[in-house]
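Hi everyone, thanks for coming.

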Amino acid sequence: MKRLIKLRVNDKDYELAVEPNQTLVDVLRYTLGLTGTKKGCEVGDCGSCTVIMDGKPVNSCLVLAVQANGRVIRTIEGVEADTGLHPLQVSFVDKGAVQCGFCTPGMVLSAQSLLERNPKPNEAEIRTAISGNLCRCTGYQKIVEAIHDCSEKMTR
Amino acid sequence: MLLPKFDYHEPATLGEACQVMGDLGQKTKALAGGTDLIVNMKKKILSPACLVYLGRIKEMKKIDSSNGLFKIGAGLTAAEVAEMEEIKNNYSALSRGASCLGSPLIRNLATIAGNLVSARPAADFPPPLMAYGARVVLKSSSGERVVSLDDFFKGPGQTLIAPEEILTEIVLDKLRPFSGAGYIKLGTRQTLEISLVNVAAFVSLDGPDGVIKTARIVLGAVGPVPLRAPSGEKALIGEKPSEALLAKAGEAAAFDSKPIDDYRGSAEYRRAMVDVLTRRALNEAINAARSNLN
Ligand code: FES
Ligand code: FES
């Protein structure tokens, strides 16, 4: 039986009817059309489905949409401001931290959540924060540099 | 990957949750963080007819220290446990265990209750909790019982929790002065790793330079359930900590372990690592004990 849920996604309120066995990632992608959130492994290993739920980055492939009822969600579509790319996204571009781009939404969200908690992280803290996000292209070094670069820009 | 169909309940209180679990019977599963259960359902290993989501129950997210006990709500996530000041300061090995679990994303979902009830032999919560002598509270509509974690695990994925019961709380004793614990996890990488061997150790000294009064050594991933190492523990009692003593305890613990060969490592290697990690965990425990003046 479908259930009615309320979600606040990227500052917009939605009321949706979902089946209990629909995951949050599927509702974001297929019902709301927010395809910036990716699906890789679907079992919590890769982090490509990362979203920020109630202020914390989580694997949206492991969360049922009904569990997210009443919660506040940020996806990659909510990171960019009216004025253009978020400084973190600029740093990712500047430092060449994006290749195929599949991991990038998750990486950016994990990094953004880190910088919100800890504006001046050291390298180990950066690496830990993105350790649940796999990247098969960049070798991580450029991603770490991008996050470091953004932290420097924003705390200057 | 589609999830099988199921009915879904979302009780707001523990009383309501116990009621629902009791009414629905065998084919029901409690859903906590979902990092294990949802994966098993996607892989069609489990297909419960009904899920009861416990994440809205506030009573399961509290900590309480009164009457010489420290009670931890079993609905707290690994990230919450890892960050809690009281736990960092007093139960550092537990905080360490919580911060080793899964990945940062998983830690924001996975709960203590889920980690204990899923009963994976290599899980991160059982060894430190058993080292601190933890008990778990199992509630149902007909009452509650308190079970030592030592007796809780029955085999991989098996515990003595009944289908209608909910694991609501972890109960620890307040640490006495000069007691402390350590936890070490060995894997081939740091994140999303299933331990090759994980060891927790607890000691209580009768003074900063005193002898060991109580010792507990818990070995993970070297048996069907997390194991106490009785001969390792016995070697320590009444003795003053020294390198030679820890070596003796490490060897004895290796003897107590029951590792198997699998694709992650050989039994022989695991046994050797039990020896090394036991010494190191004991060393951490002794340092923690000496600096814990409480
Ligand atoms: S798709 Fe969710 S972690 Fe891989
Ligand atoms: S850029 Fe391709 S997976 Fe990271």
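Which residues lie nearest the centre of the second largest pocket? Before I answer, please keep in mind that this is a predicted model. The residues to look for are A:Arg71, B:Tyr53, B:Lys61, B:Thr77 and B:Asn108. They belong to a lining of 23 residues, and that lining divides into nine nonpolar, seven polar and seven charged. The space inside this pocket comes to about 450 Å³.

Now let's turn to the cores. In soluble globular proteins, nonpolar side chains tend to be buried together. Here, the largest nonpolar core has 91 residues. If you want to find the ones with the most contacts inside this core, look for B:Leu94, B:Leu116, B:Phe125, B:Leu129, B:Ile170 and B:Leu172. Helix H1 of chain B, residues 14-24, gives the most to this core, with five residues.

Let's zoom in on B:Ile170. Leaving aside residues up to four places away in sequence, its contacts include B:Phe70, B:Ile72, B:Ile112 and B:Val136. B:Leu116 and B:Leu129 are also among the residues that B:Ile170 touches. There is a second, separate core too, with 28 residues, including B:Ile184, B:Leu205, B:Ala254 and B:Ala285.

Last stop, chain A. Strand S3, residues 50-53, and strand S4, residues 56-59, run antiparallel and are joined by four bridges. On S4(A), A:Asn59 is the residue standing opposite A:Thr50. The two strands make a hairpin with two residues between them. In that turn, A:Asp54 has a positive phi of about 45 degrees.

Technical notes. Residues are numbered from 1 along each chain as its sequence is written. Chains are lettered from A and ligands numbered from 1 in the order in which they are written. This is a predicted model: local features need pLDDT of at least 70, side-chain atom pairs count only at pLDDT 80 or more; totals for chains, interfaces and linings use all residues. Side-chain values use heavy atoms; hydrogens and water are left out. A nonpolar core is a set of buried Ala, Val, Leu, Ile, Met, Phe, Trp, Tyr and Cys residues joined through side-chain atoms within 4.5 Å. Buried means under 20% relative accessible area, exposed over 50%, partly exposed in between (1.4 Å probe, protein chains only). Contact means heavy atoms within 4.5 Å. Two strands pair if DSSP finds at least two bridges between them. On a 1 Å grid over the protein atoms alone, a cavity is a set of points where a 1.4 Å probe fits but cannot get out, and a pocket is an open set with protein on both sides within 12 Å along at least five of seven lines; lining residues have an atom within 4 Å of a point. Grid points are joined across faces, edges and corners, and a volume is the space filled by probe spheres set on the points. Ala, Val, Leu, Ile, Met, Phe, Trp, Tyr, Cys and Pro count as nonpolar, Asp, Glu, Lys and Arg as charged, and the others, Gly among them, as polar.
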